[in-house]
Amino acid sequence: MSRRRIAAFAVFATLITTVIVVAKPAAVNAANVDVRVPTDPNEILEKSQGQPARRKGRAAAPTVDEAVSLAQAEIDAGRASGDPRALGRAKAALGAHWDDPAAPASVVLLRATILQSLHEFARADAELTGLLSRSPENDQARLTLATIRTVRADYKYAETECPKLGDALSAAVCLGNAWSLTGRSAAAEVKVGEALGTLGQGGAPRTRAEIVWAISSLGEYAERQGARDRAEAYYRKALQVSPSDPYVLRAYADLLLDLGRPAEVLPLLAPYTEQDALLLRVVVAKKRLGQTGAVTVARDLAERFAAVRLRGDRAHLREESWYEREIVGDAARALTLAQENWSVQREPADARVFLEAARAKGDLAAATPVRALLAETHLEDPTLLALARSTP
Amino acid sequence: MKRTLHVVALLLAALAFFAPRLANAHKASDSYLTLTPHGEMVEVRWDIALRDMDAALGLDESRDGHITWGELQAARAMLTEWAFAGLALSVDAGACKVLSGDAELGTTSHSDGAYATLLARASCPGDATRLGVKYTLLFDVDRLHRGVVRVKGGADDTIFVLQDSAREHTFEGVAKASPLHFVREGTLHIWSGIDHLAFLFALLFPAVFRRQPDGKWAPVPRLRDAAVDVLRIVSAFTVAHSITLGLASFGYVSLPSRLVEATIAASVVLAAVNNLRPLFREQRWGVAFILGLVHGFGFSSALADLGASRDTLLATLVSFNVGVEVGQLSLVALFLPLAFLARNTQAYRRVVLQAGSAAVALVGAVWVVERAVGLKFLPF
């Protein structure tokens, strides 16, 4: 064979082999291509949460008190981390007590708390109403019920029941929230400010969660009065007390976005992107900053929304509506989601999302329910009112 | 220098694009169960979050705060037993048995972190046309856990969600896969069946030549001559493999698969060597027919893996065969005009016909050995 022939032979043999090698993996069952069998036994796959002794080692059924404290611990951990798995574990910890109609008050309260977190407001309401008819003096039930009714835009209950709470700070925030949502934010700010001012003056010892709840409420009252500087100061103070509180982080991030300071959102939320609501704010901030990374992060978020939808959950409607409007640019879908969300919850944030979606779609009539509520409650939030006027 | 920087920037951009997700999502607990019924067999793929397994069983043996692949592997038997205790599959004729002892373990990732993947098969006492699924995994640890079940069958997947308050679902009418589905599978089988491709091309390379009395190749004058030659070869191959595919699928003939596979490999070698040294002279269609008989047995095992039901076997068989023809003819249509145009070049004769055939023969020879002794040397 000539040299040229040998060279040509080699080239073509290589070519054929390459084609064969490239073609083969495409033929492998496409369904399982994502499954990996690592070769290194020391490869770290996941963090561990420690030995589940309290779950596994449970020989006998726990007493009611044990079950309640276990469930409460899960709920507290979930609140701190924003991890929804905690709710399911809390529910499991209650075991048979979950379905027990004659369960003691401590169990009913936990059931209501879990249901509330799942946005099952009607069922939570029923649990608490039942409990209060049996033991009218139960302040925790009263406070939780007032909170749920307030979320649902029913403020009468809070007006009459919050003042009956024995604890001054709880009573102040409970009432202040209802006031602030009905056009009396300044009075609410004074009232809660006073209650907070008496702290350490012989009052009951406060948990960090209670203090953060009060201070962040002050931030909301200030925002509704259009006092964004004061609101920012409150949120920062709340974050000093509890730097990773998911609720405060969200409120502060939203304020920063409204103030046109998206660059500050990124470092604030960077450690907490495992929470979908906070990741959404990161995506929005990146998009407003024109960062190229926004696309990758948005894809992550879309994947998470898809996973949540796949399991049949509708807990993300508010966030999804915002995402569809601002990131995807699908105003029609954003409006549908906002409407669906409005049937579940009616906080100012829900009104905001609804109005923004209606404006984006140019559908003036769609936001009528929101405008009706704003008129009825005299909510003074300037951002919301401006939106309501400008729609579309 | 500037160019180097440019390349580095591009590489960094690519890295950023493929960068891992920021952080694992906080999400309620789900497992992803995929069921693929094949007649009386159900393939099971089950993705369960390591976080959930850890909460239920405790996977961190070394107590260092991490779950490693080694720890997961060590717990394989325990977690397989635990998982499949939480799943019951049934058909009308009774309960299916998950062959959990043979389950394979791997890992994959979903939006909320790393998952263990269990791959197993369940054997049922009848056709899985109605498939009952009872799901109880993890409800004792997390009552908001859900099982996202996907049943594959036919062209579309069906998804349903099982939860604490609704643990059972009977999936009706696992699609009797449409004939089109099997046409597609037949075509894909040819396109991706590397041994059939090698055989086909070994037969096609010389189609634009005529063997002269001295054993050398001469180019054909007209495309028609080449086309007729190819038509004869492909038809002979088709008739032959249809005969054995039918005989094997209806159970009249059954050959050990290792013998079939090794013989198919040998047929590749024969067809390729014939291009280099004349073995069969002008009877290439005859060769195609005889070797096609062997390939038919290969197609029948591919068809069996697709889970043909006994009731619709004939229709399935015809569809699959049509698909195989589509696959073959599309390749012929692509190859023949190009080969005809290039037939007078030295490159075609030497590189494609000679070197190409030699390469195919070599690969085929390795396949023969691999398949005869059940070892693997080549990655394909």
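The entries below go from the ground rules to each chain in turn.

**Ground rules**

I am working with a predicted model, in which local features need pLDDT of at least 70, side-chain atom pairs count only at pLDDT 80 or more, and totals for chains, interfaces and linings use all residues. Residues are numbered from 1 along each chain as its sequence is written, while chains are lettered from A and ligands numbered from 1 in the order in which they are written.

**Confidence in chain A**

I looked up pLDDT, the predictor's confidence in each residue, from 0 to 100. Chain A has a mean pLDDT of 86, and 87% of its residues reach 70 or more. Where does pLDDT stay under 50 in chain A? I found residues 18–29, a stretch with eleven contacts beyond four places in sequence. Residues 53–57 of chain A are also below 50, and that stretch has four contacts beyond near neighbours in sequence. Two residues count as in contact if their C-beta atoms, placed from the backbone, lie within 7 Å. I note that where pLDDT is low, the predicted coordinates should not be read in detail.

**Chain A overall**

I listed 21 helices and one strand in chain A. Helices (H or I, at least four residues) and strands (E, at least two) are DSSP runs, numbered from the N terminus. Of the 392 residues in chain A, 42% are buried. Buried requires 20 or more other C-beta atoms within 10 Å of the residue's own, exposed 12 or fewer, and partly exposed is in between, with C-beta atoms placed from the backbone. Among contacts in chain A with a separation of 6 or more, 50% join residues 24 or more positions apart.

**A helix pair in chain A**

I checked helix α17 (residues 317–328) against helix α18 (residues 331–342), both of chain A: they pack at an angle of about 165°, with their axes 8 Å apart. Axes are lines fitted to C-alpha atoms, for helices over the stretch in contact, and angles run from 0 to 180 degrees between N-to-C directions. α17(A) and α18(A) are therefore roughly antiparallel. The cut-offs are under 35 degrees for roughly parallel, over 145 for roughly antiparallel, 65 to 115 for roughly perpendicular, and oblique for the rest. Residues in the contact include A:Leu317 and A:Ser321 of α17(A), and A:Ala334 and A:Leu337 of α18(A).

**Positive phi in chain A**

I read first that most residues other than glycine have a negative phi. A:Ala153 is not a glycine, yet has a positive phi of about 65°. A:Ala153 sits in the loop between α7 (139–151) and α8 (156–161) of chain A. Is A:Ala153 buried or partly exposed? A:Ala153 counts as partly exposed because 19 C-beta neighbours lie inside 10 Å. A:His378 also has a positive phi, near 60°, and lies in the loop between α20 (368–377) and α21 (382–390) of chain A. With 10 other C-beta atoms within 10 Å, A:His378 is exposed.

**Chain B overall**

I listed eleven helices and 14 strands in chain B. Buried residues are 45% of its 380. Residues 24 or more positions apart make 72% of the chain B contacts with a separation of 6 or more.

**Helices in chain B**

I looked at helix α2 (residues 50–57) of chain B: seven of its eight residues are buried, so it is largely enclosed by the rest of the structure. B:Met53 and B:Ala56 are among the buried residues of α2(B). Just after α2(B), B:Gly58 has a positive phi of about 80°.

B:Ala56 and B:Trp82 are 26 residues apart in sequence and 9.4 Å apart in space, C-alpha to C-alpha. B:Trp82 belongs to helix α4 (residues 76–84) of chain B and is partly exposed, with 16 other C-beta atoms within 10 Å.

Helix α7 (residues 223–249) of chain B has 27 residues and reaches 38 Å from first C-alpha to last, close to the expected 39 Å. The expected span is 1.5 Å times one less than the number of residues. Buried residues of α7(B) include B:Val230, B:Ile233 and B:Phe237. B:Gly251, which follows α7(B), has a positive phi near 80°.
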